[in-house]
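Biologist: I am new to this protein and would like a guided look at it. Could you show it to me before we talk?
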Amino acid sequence: MHTSIAAGIAFDSMASFYDRSFTGSLIGRAQRNAVWRVLGETFFAGDRILELNCGTGEDAIFLGRRGVSLVGYDASKRMIEVANRRLQDENALLDITFEVQATEELGSIGGPFDGVLSNFSGLNCIKDLRPTAVNLAALTVPGATAIFCLSTRFCAWESIYYGLMCHLRKATRRWSGTTLARLEGVQLPVYYPTVTQIQRTFSPFFRLTAMKGIGVLVPPSYVEGWAQRHRRVFRILEGFDRTVSQWPVFRIIGDHVLLVFERTGS
Ligand SMILES: C[S@@+](CC[C@H](N)C(=O)[O-])C[C@H]1O[C@@H](n2cnc3c(N)ncnc32)[C@H](O)[C@@H]1O
């Protein structure tokens, strides 16, 4: 099965509860707020942004409310249905369009865009990101900013958490660079490229200008039960995360890493 079809089916089965289980969770909110701080400083009213793997549209609506114009694509029909319903529920008319489209098929869409966003690991579902880099280069103007937030190759929280529980397979699952995830019974290959590999893949069209960790002290979402029971500790970790997530080494050992690229003139 083509990976984007498998991803579509896997995420279709999660669409109805994705916002309840992740977007609205303590951890999901904390990690997304960290991404939004960067989005708010990067994309402005009047910008035209392409969002890949937009899911249920949470980031699109955040940007749309700020006057950003956005086209969001996702391989999952159900995720796009949820995103469209949320758009209809908005009080104001936002300049946002959602469409079902696999990232692998970006060649068929029209540009140009002032920026690109891919949040929370949609790009980890693609084995070879080089065609995506080439397509994005054709779709963006020189100087455009691309923000990619991917799952990291090594997550300290995950390895320590599962290590202490003696689940060695889970503690080390990202280390080889690929794993077979099971989402609601659907198997989906997931890839964990390193920052250097991503940087090489997007060069020379995109130049890495900044990076920060997302969820360095804030744990991965499957630790939500613990976060709910220890809200004060969680809030303290979230506060320190703002600083620690900028530090060398620490910024690449979180649950996710956020990479800021600039479209070069190449
Ligand atoms: C973890 S969700 C993140 C959704 C959203 N960006 C967010 O921040 O909540 C990953 C999303 O990537 C989408 N996805 C995975 N592989 C894809 C592909 N090859 N093409 C397009 N979308 C894909 C899934 O359908 C899913 O909606």
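**The ligand and its surroundings**

Modeller: Helix H1 supplies the largest share of the shell around the ligand, three residues. Please keep in mind that this is a predicted model.

Biologist: How many residues surround the ligand, and which are the closest?

Modeller: The ligand is surrounded by 22 residues, and the closest are Tyr18, Arg32, Asn53, Asp74 and Glu104.

Biologist: What lies 2.7 Å from an oxygen atom of the ligand?

Modeller: That is a polar side-chain atom of Tyr18. The side chain of Arg32 has an N or O atom 2.8 Å from an oxygen atom of the ligand, and for the side chain of Asp74 the corresponding distance to a ligand oxygen atom is 2.6 Å. Of the 590 Å² that the ligand exposes when taken alone, the protein buries 96%.

Biologist: Let us turn to H3. Is this helix mostly covered or mostly uncovered?

Modeller: H3 is mostly covered, with twelve of its 17 residues buried. Among them are Leu26, Ile27, Trp36 and Leu39, and also Arg32, which is one of the closest residues to the ligand.

Biologist: What span should H3 have, and why?

Modeller: H3 runs over residues 26-42, and at 1.5 Å a residue its 17 residues should span 24 Å. The C-alpha atoms at its ends are 25 Å apart, which agrees.

Biologist: A change of topic: where does Asn119 lie?

Modeller: Asn119 is in the loop between strand S4 (113-118) and helix H6 (130-139).

Biologist: Is Asn119 buried or exposed?

Modeller: Asn119 counts as buried because its relative accessibility is 4%, and the cut-off for buried is under 20%. Its side chain makes a polar contact of 2.7 Å with that of Asp59. Beyond its neighbours within four places in sequence, Asn119 is in contact with several residues, among them Arg32, Val35 and Asn53.

Biologist: What about helix H11? Is Glu238 buried or exposed?

Modeller: Glu238 lies in H11, residues 231-244, and is buried, with a relative accessible area of 18%. With neighbours within four places in sequence left aside, Glu238 is in contact with Ala30 and Val218. Ile236 also belongs to H11, but Ile236 is partly exposed, at 49% relative accessible area.

Biologist: How many residues separate Ile236 and Phe44 in sequence?

Modeller: They are 192 residues apart in sequence, and their C-alpha atoms are 31 Å apart in space.

Definitions and conventions:
Residues are numbered from 1 along each chain as its sequence is written. This is a predicted model: local features need pLDDT of at least 70, side-chain atom pairs count only at pLDDT 80 or more; totals for chains, interfaces and linings use all residues. Side-chain values use heavy atoms; hydrogens and water are left out. Helices (H or I, at least four residues) and strands (E, at least two) are DSSP runs, numbered from the N terminus. The expected span of a helix is 1.5 Å times one less than its number of residues. Buried means under 20% relative accessible area, exposed over 50%, partly exposed in between (1.4 Å probe, protein chains only). A residue is near a molecule or strand if one of its heavy atoms lies within 4 Å of it. A polar contact is a pair of N or O atoms within 3.5 Å; within protein, one must be able to donate a hydrogen and the other to accept it, and residues adjacent in sequence count only if both atoms are side-chain atoms. Accessible areas come from the Shrake-Rupley method with a 1.4 Å probe; for residues, only the protein chains shown count as cover. Contact means heavy atoms within 4.5 Å.
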